[in-house]
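Grab a pencil and work through these exercises with the structure open beside you. Try each task before you read its solution.

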2 protein chains.
Amino acid sequence: MNSYIKEGDNPDITEERKKASFNVDALTTFYHGGDKQLQNRREVEKYIEDHKELQDTRPTPFMSRDELIDNSLRKIAGMAKFNEMIDMNNIDRTTYFLQLVHVRDSMAFSLHYLMFLPVLNSQASPDQLSEWLPKSLSGTIIGTYAQTEMGHGTNLSKLETTATYDPKTSKWWPGSLGKFCNHAIIVANLWTNGVCEGPHPFFVQIRNLETHESLPNIKLGDIGPKLSLNGSDNGYLVFDHFRIPRNNMLMRYSKVLPDGTYVKPPNAKLAYGGMVFVRSMMVKDIANHLANAVTIATRYSCVRRQGEMKIGAGEVKILDYQTQQYRIFPFMSKVFAFRFAGQQLQEIYKEISKELKMGKLSQLADIHALSSGLKALVTFEVQQGIEQCRLACGGHGFSHASGIPELAAFSCGSCTYEGDNIVLLLQVAKFLMSNCTNSVSSGVCAYLQEKNSSKSSDLTTHQQYSDKQIIQDFEHVARKSVLRAFDKLRLTSQTCQKHEAWNRCSVELCKAARWHVRLYIVRNFLATIAIAQDELKPVLRALAQLFIFDLQVSNKGDFLENGYMKIQQIEELKEGVWQAMSTIRNDAVSIVDAFAIHEFELKSVLGRRDGNVYPGLFEWAKHSQLNKNDVHPAFDKYLAPIITKIRSRM
Amino acid sequence: MNSYIKEGDNPDITEERKKASFNVDALTTFYHGGDKQLQNRREVEKYIEDHKELQDTRPTPFMSRDELIDNSLRKIAGMAKFNEMIDMNNIDRTTYFLQLVHVRDSMAFSLHYLMFLPVLNSQASPDQLSEWLPKSLSGTIIGTYAQTEMGHGTNLSKLETTATYDPKTSKWWPGSLGKFCNHAIIVANLWTNGVCEGPHPFFVQIRNLETHESLPNIKLGDIGPKLSLNGSDNGYLVFDHFRIPRNNMLMRYSKVLPDGTYVKPPNAKLAYGGMVFVRSMMVKDIANHLANAVTIATRYSCVRRQGEMKIGAGEVKILDYQTQQYRIFPFMSKVFAFRFAGQQLQEIYKEISKELKMGKLSQLADIHALSSGLKALVTFEVQQGIEQCRLACGGHGFSHASGIPELAAFSCGSCTYEGDNIVLLLQVAKFLMSNCTNSVSSGVCAYLQEKNSSKSSDLTTHQQYSDKQIIQDFEHVARKSVLRAFDKLRLTSQTCQKHEAWNRCSVELCKAARWHVRLYIVRNFLATIAIAQDELKPVLRALAQLFIFDLQVSNKGDFLENGYMKIQQIEELKEGVWQAMSTIRNDAVSIVDAFAIHEFELKSVLGRRDGNVYPGLFEWAKHSQLNKNDVHPAFDKYLAPIITKIRSRM
């Protein structure tokens, strides 16, 4: 029945799987958004299982930087050989394929697919496309997207690419730029007829297509090792009087005519649509990293036994400790909360895309703000969660055998790229502030116009707490937070200049933005459960209850303010947290099984499906280069001579 | 005047240093605990500057595991050659020397000095010492301390070293065990005359002293790469019917007589004293890691300019953003709070050591609990802080050039080793619960017996908030939290077994323990400032104000409960936070200068004293092995053949 139970598994983990209150496959289908998505995944997994060329030769943590690069390029060559899985008409499958071949640490060329091609597609004129796209798809053009500079990330309008020599003006960071690309889309400030028209994308060849050498007047190189992504050659690029033809500017929207006249794009806001899409993907993707960590911590906590609760009764599974559950389960619930939010954002994006094509921009600001806020909140929480999962694995969480260090390192970049989280939260806040003055608010900001109630309902048990009341309470807190920031901003503006007032209120503004996003996540979590099949509802309810009540307990100050809720009610919600955790306890392994993460992706001895962790650790350690000889060469080189000398003196 | 200002520095950072409101050297002396400590540091730094053999040949992030090991052993050989800095009568200088030679990633043999020698010293009988100590000091015996097993960490009583073959029973983790030690102190359950007497330490030779080969019946090896410490050979050890003489048990306190009779140690609690000392060292040490991260983030934030606050006014230093200040400054204040707490703990330890020698154990439980709690709270907060500092550096924080990834990786182990944080907090809670029933409470728990007041003072401005009132308010919250846990535990115990009740209350119990520790930190911070020279008081006051008010604002729920404080008062404390931050802003660079962290330790391009970050990044990247050739060999190996093939088809 349960396909995760197999012979030879650790009995401790089998015992857990037998306790599941629901059908694991049903939850998997619901979680992944339907049968089609699931089938895509299975096809990709089977394909990679059948092609050794697409797999790592040994665990990546044992590889040096050189070996990581070699491993990454070898797999890319393998992909080029069997490229039937790259299908731009099946983005879901293609994305999963790329991810599962280049799991985390070896992502060379992801920018070719994820940035270079999409930007080319959307920004190049039809003529340009017909020239460049075929070569870019076939593989003779290998591209990247070079926007970030050594001295500039967030503030695009100050990009310095026109200067001649000044180290600060070099491009710095773009993936694959250092060594392996021969083209790049360069974002630079466009000067024409003596006027700066702001940042625009340019299609630039950077290496010789025959010899692969850097072109004259271009300096290219690797920026050195990073926290993660060391299978990729994130690089630098310095132009020194390098010239490109006018036609290399991507000219679908903005144009420069032969006489130098600049033609503006029809609507500058259209670009926001693409950003919404990228961020919705990011939110789902980053939730998946948390799912990996939660899977590892949960499975391991069922095979690790430590401590006797009752003297003489034998050591217990560490998942039976309330403190261990409280480390892992709130983040298990967040996987669902974030995943569902990302999925819903994608749905909304699809809807508004249709409207955008008809020139309607009414909902775009709402959704753009939401996507920015979600990205900021989710990426940060995921880092916190992965670290808690690491800690939940005790000492072994510090070993690369757990897989968690690699997960943590890879995913923490997401707090910075695609928009620094604080900058994004301030964008959300700006949007919220404009909605405070705007009296005809609708859509996601409608709650801002509603009247404050002075207190929550008279709930005495958490079972009485209705979805409607939950949403009202979160609306209350979000509204209070937004209006407090608004009032503070108005007051501060009376004593200093506007920009200074904004700066002095910015921590408060970020806080308001976070509540706006949390409200959305809570509302959407409850709405998603409503459409699940009945069999899944109890477990999803327990997860939602844990997520929501824990959010309230952890932020009780905001709910207690001015007596809106009473401390006894918070204490009651706390009981709800414990109750939800004890429900989840028995389903825990099956819940993480339902994430259906392939072992190629999990890359964890502690999290392996079969629970055979301890023999697995021995097998894993055999890969260590230090274990090639009993006596390590460094002993003979450094220590033996000294010891001999000391002994001779004795 | 300010010795940190030099010619050729980035003018943006010099400008900051000129703003300092205090003498940097005076703060350095105060922070490091006096002139003598500072002199020790300067001697060590000068010594290592003069001895290239003790320095890294290139930045460690560029090294593979093999190179890290080689680098580490080379420096150890260098130390053995110039061992005049190892002086067991000057522990401060010796410790700093070891730390500065083996900065973070390459700590091979630290266990020889930090665990093997101290345990031998304290646990071996005089006869044993005279036999083993000279060789251990001279370097022919290289030892480690092997306690942790693959399947057991925290729960010592269940160590499984007597079994024959079962992978779980192997020792797993001890530093230097895998390859380079020839001896180990093995902690194992002692069986004699058919009775298990619990875990005891044994002195065991594990490798041949001539050939360095593993002894028969012992399997030794490296456990593989870890998040950090990859210059060390953390290892495994499996015994298979290995025999040692009776006299190899360390027998200063417990003994086994020739007829097998077991002799108990005179007082089992004596060992606690040593743990208090180790933890006080850890707290100071880990606060120092945070000081490194704060130094990097602060200096970088003064040379990085991004975004115009006011259009046309030019880009501003990112430290001028309130959000950036709020990322860094609260952790700057925590460096002081934690450092002072660790220092004070060491003082208390010295006092009670005298009492212990006279057989008095009255204060030991208080201090042991405090040291456990401090270790748990500080190590966790430091991880949070280092990550915030990393984020504050934007994209470059993700590069090893920042130095922060290495700092983060190294220090996060401290949440687990020397006692898992949750286990430690529960020990504190146990101590607190016993003090709730004990009516004659004194010392650090006296506040538990005091009467609750129903509300705080009527403060209307934060300037009115007296130290006395602050302490009363923290006492109130700590007491409420402890008593709530106590009541819950009593109530729960009526419905289930005692151990189950304890488990069900454990999250609440941890929370109570945290408040107990915070109260100590706050009280000690205020007391430490009181003895500072007048010149330093304003800056230290601002730091304490930030630390304390932010703690209250972030945990406002606990202060608002039942109307103890009003929301207007919390809002006023928030104003106090912003005010403290704006005071600290102008002193920020000088405050971190005062930590006086040597560049050998900082290992950061972003945090360099001179602020010349961008040219520094280019210099740093030159070390990359990928930059040896313009065209990387992997291109010719994998990509060129494919591109040629595609092109031939076109």
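Before we start: domain bounds here come from an automatic or database domain assignment. Also keep in mind that this is a predicted model.

**Exercise 1. Into which domains is chain A divided, and what do domain 2 and domain 3 of chain A share?**

*Step 1.* Find the pieces. Domain 1 of chain A covers 34–106, domain 2 covers 112–265, and domain 3 is written in two stretches, 271–440 + 459–594.

*Step 2.* Locate domain 2 and domain 3 of chain A relative to each other. Their C-alpha centres lie 36 Å apart. The contact, counted for heavy atoms within 4.5 Å, takes 4 residues from domain 2 of chain A and 5 residues from domain 3 of chain A.

*Step 3.* Look at the area. Domain 2 and domain 3 of chain A bury about 410 Å² between them, and carbon and sulfur atoms give 75% of that. On the side of domain 2 of chain A that touches domain 3 of chain A, you'll find 2 nonpolar residues, 2 polar ones and no charged ones.

*Step 4.* Check for pairs. Between these two domains of chain A there are 0 salt bridges, and the rule also finds 0 residue pairs in polar contact, with both residues at pLDDT 80 or more.

**Exercise 2. How many residues of chain A and chain B are in contact, and how much area do the chains bury?**

*Step 1.* Count residues: 134 of chain A are in contact with 134 of chain B.

*Step 2.* Get the area. The two chains bury about 11,100 Å² between them, with 62% of it on carbon and sulfur atoms. A:Phe398, A:Phe618 and A:Leu626 supply 7% of what chain A buries against chain B, more than any other three residues.

*Step 3.* Look for salt bridges. The rule finds 18 across the interface of chain A and chain B. One of the pairs is B:Lys556 with A:Asp558, whose closest N and O atoms are 2.8 Å apart.

*Step 4.* Sort the residues. The side of chain A that touches chain B divides into 54 nonpolar, 41 polar and 39 charged residues.

Terms used: Residues are numbered from 1 along each chain as its sequence is written. Chains are lettered from A and ligands numbered from 1 in the order in which they are written. This is a predicted model: local features need pLDDT of at least 70, side-chain atom pairs count only at pLDDT 80 or more; totals for chains, interfaces and linings use all residues. Side-chain values use heavy atoms; hydrogens and water are left out. Buried area is the accessible area (1.4 Å probe) that two parts lose on being put together, summed over both. A salt bridge is a side-chain nitrogen of Lys or Arg within 4 Å of a carboxyl oxygen of Asp or Glu. A polar contact is a pair of N or O atoms within 3.5 Å; within protein, one must be able to donate a hydrogen and the other to accept it, and residues adjacent in sequence count only if both atoms are side-chain atoms. Ala, Val, Leu, Ile, Met, Phe, Trp, Tyr, Cys and Pro count as nonpolar, Asp, Glu, Lys and Arg as charged, and the others, Gly among them, as polar.
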